[in-house]
Amino acid sequence: RGLFVFALFALVLTGCSGHESLNVLDPSGSAGEKQLDLIKLSFLIMLGVFAVVITIYIYVLIRFRKRKGVDVMPKQTHGNTKLEIIWTVIPIILLGILAVPTVTTTFDLTKIAQDEEVVNVKVTGYQYWWEFEYPELGIKTAQELHIPVGKKINFEIHGKDVLHSFWIPALGGKVDVIPGRVTNVILDANKPGDYQGKCAELCGAGHALMDFKVKAHSAEDFDKWVTQMQAPPAELTTDSEKRGEEVFQQNCLGCHAGINQSVPGPDLSKFGTRDTIAGMLKNNPENLKKWLHDPQAIKAGANMPKIDYLEEKDLDALVDYLESRK
Ligand code: CUA
């Protein structure tokens with residue numbers, strides 16, 4: 001029975017997705033584990049309160065029920081200082097038991113030991129995508145966060161437009177993304193794998209699709225990824241790619257070069273290495289065309305304009321060029 005209740009609770013908590021990488025009850029990092037401890041503690045307290053209240057309630061229902069043949073009004077009482085003190089003090093104690101570890105864990109999640117090696121990542125939330133910058137490594141990317149397993153990742157979280165919330169259910173969070181303010185969280189992954197990241201604050205039409213991927217690598221694979229990202233852009237090999245570069249420069253560079261800060265778009269210099277387009281479609285030429293043709297049909301509210309005015313040949317060239325950016 002208890003197991004059933006817990007399973008039901010688990011289902012509600014995971015949003016019924018059945019998606020393993022979204023499961024807060026199966027954390028893959030130390031921050032997630034700490035948060036799970038808090039969830040368990042508050043669940044146990046709630047279960048205890050529920051059990052006591054229901055037991056008293058049922059006892060009173062039975063003990064003081066109306067019996068056959070008895071038709072007198074029972075003695076009425078008002079106020080009982082002793083009882084009132086008891087039911088005020090008990091919740092205060094319970095809240096204290098919950099508050100102390102909650103507050104200490106909250107502060108722990110932004111603390112690093114002085115000599116500990118961390119990877120710094122600057123996260124910026126935009127309607128409706130995420131930018132990830134590794135200041136020490138000179139890497140800027142979007143929608144896909146790569147991290148090494150076993151190392152603390154120090155996230156410095158910035159907001160540019162409206163409130164968002166940075167959340168990687170399997171690793172920990174959520175942390176508010178607040179324009180004009182920097183928030184922090186330190187997370188880590190203890191095993192390689194793909195995890196799902198989400199925006200956890202209603203931020204507009206595209207909120208539900210403001211997802212990102214987290215790829216946790218072994219130290220070796222992470223270094224490979226860093227080397228690949230730091231390498232100069234791949235040479236243009238075909239005529240189509242060369243034409244594609246021209247089309248890109250004429251149509252896309254305004255937003256996708258990080259020059260125009262008022263209309264920022266994701267950095268696409270290594271677009272071909274990404275698994276997904278806009279964090280949701282599998283990255284292949286067919287889907288890229290679909291996305292270019294009508295981004296709003298795929299992600300409501302996206303700022304990306306429709307690129308439906310190009311000649312078919314130029315569109316193909318643009319797709320070739322983008323997919324070759326590795
Ligand atoms: Cu960003 Cu919801």
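Me: Angles under 35 degrees count as roughly parallel, those over 145 as roughly antiparallel, 65 to 115 as roughly perpendicular, and the rest as oblique. In this predicted model, how are H2 and H3 oriented to each other?

Reply: The structure is a predicted model. The axes of helix H2 (residues 30–63) and helix H3 (residues 81–108) approach within 10 Å and cross at roughly 170 degrees. Angles over 145 degrees fall into one class, and H2 and H3 are therefore roughly antiparallel.

Me: Which residues of H2 make the contact with H3?

Reply: On the H3 side, the contact is made by Leu94, Ile97, Leu98, Pro101, Thr102, Thr105 and Asp108. The residues of the contact comprise seven nonpolar, three polar and two charged. The H2 side consists of Lys34, Leu38, Leu41, Ser42 and Ile45.

Me: What is the relative orientation of H5 and H8?

Reply: H5 and H8 pack with their axes 7 Å apart. The angle between H5 and H8 is about 100 degrees, and the class from 65 to 115 degrees applies. H5 and H8 are therefore roughly perpendicular.

Me: How many residues of the contact of H5 with H8 are charged?

Reply: From H5, the contact draws on Ser240, Glu241, Arg243, Gly244, Glu245, Val247 and Phe248. From H8 come Asp314, Asp316, Ala317, Leu318, Asp320 and Tyr321. Five of the contact residues are nonpolar and two are polar, and the number of charged residues is six.

Me: Which residues of H8 are buried, and what covers them?

Reply: Helix H8 (residues 312–323) has twelve residues and spans 16 Å from its first C-alpha to its last, close to the 16 Å expected. Its buried residues are Ala317, Leu318, Val319, Asp320, Tyr321 and Leu322. Their cover includes helix H5 (239–251) and helix H6 (285–293).

Me: In the open sheet of order E3-E2-E1-E5-E8, which residue in E8 is the bridge partner of Ile153?

Reply: The pairing in this five-stranded sheet is mixed, and its edge strands are E3 (139–142) and E8 (183–187). Neighbouring strands are turned by 25 degrees against each other on average, direction ignored. Strand E5 (residues 152–159) runs antiparallel to E8, to which five bridges join it. The partner of Ile153 in E8 is Leu187.

Me: What is the omega value of the peptide bond from Gln127 to Tyr128?

Reply: Most peptide bonds are trans. The bond from Gln127 to Tyr128, by contrast, is cis. Tyr128 lies in the loop between strand E1 (118–126) and strand E2 (129–134). The omega of this bond is near -5 degrees.

Me: Which strand holds Lys174?

Reply: Gly173 and Lys174 are joined by a cis peptide bond, with omega about 0 degrees. The strand in which Lys174 lies is E7.

Me: Is Gln143 buried or exposed?

Reply: Gln143 is found in the loop between E3 and E4. Its phi is near 70 degrees, a positive value in a residue other than glycine. A residue needs 20 or more other C-beta atoms within 10 Å to be buried. Gln143 has 23 C-beta neighbours inside 10 Å and therefore counts as buried.

Me: What is the phi of Ala278?

Reply: Ala278 sits in the loop between strand E11 (276–277) and strand E12 (281–282). With 24 other C-beta atoms within 10 Å, Ala278 is buried. Although Ala278 is not a glycine, its phi is positive, at about 55 degrees.

Technical notes: Residues are numbered from 1 along each chain as its sequence is written. This is a predicted model: local features need pLDDT of at least 70, side-chain atom pairs count only at pLDDT 80 or more; totals for chains, interfaces and linings use all residues. Helices (H or I, at least four residues) and strands (E, at least two) are DSSP runs, numbered from the N terminus. The expected span of a helix is 1.5 Å times one less than its number of residues. A residue is buried if 20 or more other C-beta atoms lie within 10 Å of its own, exposed if 12 or fewer, and partly exposed in between; C-beta atoms are placed from the backbone. Two residues are in contact if their C-beta atoms, placed from the backbone, lie within 7 Å. Axes are lines fitted to C-alpha atoms, for helices over the stretch in contact, and angles run from 0 to 180 degrees between N-to-C directions. Ala, Val, Leu, Ile, Met, Phe, Trp, Tyr, Cys and Pro count as nonpolar, Asp, Glu, Lys and Arg as charged, and the others, Gly among them, as polar. Two strands pair if DSSP finds at least two bridges between them.
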